[in-house]
Amino acid sequence: MATQDGSEEVIMETEAKPKEAEAEPLCENAEKGDPGNVSDADGGIATTQDSSISNGDDADDKQEMVDLKIIWNKIKYDLKIPIDSTGAKLKDSIHSLTGLPPAMQKVMYKGLLPEDKTLREIKITNGAKIMVVGSTINDVLAVNTPKEAIQQEVKAEENKKEPLCRQKQHRKVLDKGKPDDIMTAVKGTKERLPTVPLSGMFNKSGGKVRLTFKLEQDQLWIGTKERTEKVPMGSIKNVVTEPIEGHEDYHMMAFQLGPTEASQYWVYWVPAQFVDAIKDTVLGKWQYF
């Protein structure tokens with residue numbers, strides 16, 4: 001019943017206000033564009049999906065990664081790669097960074113890096129410096145006398161001659177016998193280059209000589225009592241090697257420093273287990289393309 005002062009109408013308005021207040025949050029959400037709840041055309045509420053999209057690196061994110069410093073042509077590159085990647089995979093990543101094809105790369109970390117082993121097996125750690133040596137195909141094609149052709153010519157000449165160790169020029173050194181302080185040799189095995197210089201060997205004049213492989217500078221240091229020759233590995237045209245008769249656990253080895261055999265620098269009593277590592281480090285597989 002309405003009173004003369006209209007008090008009943010005031011009560012009715014007061015009762016209606018809570019319903020309006022209850023509906024207000026939904027309106028506010030719609031106006032504010034709540035990303036979790038959006039009204040659809042029928043007045044219902046639709047839930048939106050997360051806008052982030054995977055870039056395909058989720059698998060790598062779950063793997064243990066290692067940060068490397070790649071050095072090629074005096075330029076440093078930063079590379080992050082799973083530690084369980086193989087040497088071959090590392091070469092692919094270097095190709096992406098530098099444009100240098102894997103077949104043209106000589107990758108070194110404490111010696112020539114094997115393609116079939118993982119970085120974990122090689123014990124590569126964060127911040128490790130990986131040295132890369134190699135030339136692009138255009139650079140190789142620009143060379144007047146390819147190394148491969150020189151090696152084939154030398155090999156053909158070797159086949160025509162008597163064994164090197166029987167030739168007079170070598171016999172005068174070999175007849176002195178095995179040096180007392182030569183490094184121990186192991187026949188029938190292949191090892192990576194040691195971290196110390198190869199020492200105790202003879203050169204062609206019968207003097208003591210040591211070989212130091214400076215991988216960071218891509219140089220071979222040939223040291224004698226008188227001096228040390230620092231030879232860029234890229235300038236070495238070929239490496240000739242032959243087991244010493246009667247001492248097959250040691251080799252005689254020549255580094256061809258120029259275009260002809262006259263430039264060969266001979267080293268005698270090289271431990272057999274390091275022969276392949278020396279040839280791979282100096283010449284590298286990248287030259288056979």
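Predicted model: local features only at pLDDT ≥ 70, side-chain atom pairs only at ≥ 80, totals over all residues.
## Threonine 212 and its strand

Threonine 212 has a relative accessibility of 16%, so it counts as buried, the cut-off being under 20%. Threonine 212 sits in strand β8, which spans residues 208-214. Leaving aside residues up to four places away in sequence, threonine 212 touches Pro197, Gln219, Leu220 and Trp221.

## The hairpins around β9

Strand β8 pairs with β9 (residues 219-223) in the antiparallel sense, over five bridges. Within this pairing, leucine 211 stands opposite isoleucine 222 of β9. The two strands make a hairpin with four residues between them, and here aspartate 218 takes a positive phi near 55°.

Follow the chain onward and β9 is joined to strand β10 (residues 228-232) by five bridges, again running antiparallel. Leucine 220 has valine 231 as its bridge partner in β10. β9 and β10 also form a hairpin, with four residues between the strands.

## Two nonpolar cores

The largest nonpolar core has 42 residues, and those touching the most other members are Leu211, Phe213, Phe255 and Ile278. Apart from this core lies another, of 21 residues, including Leu79, Leu100, Ile124 and Ile130. As a rule, nonpolar side chains in soluble globular proteins tend to be buried together.

Isoleucine 278 is one of the buried residues of helix α8 (residues 275-283), along with Val275, Ala277, Thr281, Val282 and Leu283. Just after α8 comes glycine 284, with a positive phi of about 75°.

## The four-stranded sheet

Elsewhere, four strands form an open sheet of mixed pairing, in the order β4-β3-β6-β5. Its edge strands, β4 (75-82) and β5 (106-108), each pair on one side only. On average, and ignoring direction, neighbouring strands of this sheet are turned by 30° against each other.

Strand β3 (residues 65-72) runs antiparallel to β4, and eight bridges join the two. Helix α3 (residues 87-98) lies across β3, β4, β5 and β6 (128-133), running at about 135° to β4.

## Salt bridges

The structure holds ten salt bridges. In one of them, the side chains of aspartate 84 and arginine 120 meet with an N to O distance of 2.8 Å. This pair links distant parts of the chain, 36 residues apart: aspartate 84 is in the loop between β4 and α3, and arginine 120 is in helix α4 (residues 119-122). Both ends are partly exposed, aspartate 84 with a relative accessible area of 43% and arginine 120 with 38%.

Aspartate 181 and lysine 208 also meet in a salt bridge, at 2.8 Å from N to O. Here the partners are 27 residues apart, with aspartate 181 in the loop between α7 (168-174) and β7 (198-203), and lysine 208 in strand β8. Aspartate 181 counts as partly exposed at 46% relative accessibility, and lysine 208 is partly exposed with 38%.

Arginine 227 forms a salt bridge with glutamate 229, with the closest N and O atoms 3.2 Å apart. Arginine 227 is exposed, at a relative accessible area of 56%, whereas glutamate 229 is partly exposed, at 34%. Finally, salt bridges that share partners join Glu64, Asp84 and Arg120 into one network.

Note on methods. Residues numbered from 1 in each chain as written. Heavy atoms only, no water. Core = buried A, V, L, I, M, F, W, Y, C linked by side-chain atoms within 4.5 Å. Buried < 20%, exposed > 50% of the residue type's maximum accessible area, 1.4 Å probe, protein only. Contact = heavy atoms within 4.5 Å. Pairing = 2+ DSSP bridges. Axes fitted to C-alpha atoms, helices over the stretch in contact; angles between N-to-C directions. Salt bridge = Lys/Arg side-chain N within 4 Å of Asp/Glu carboxyl O.
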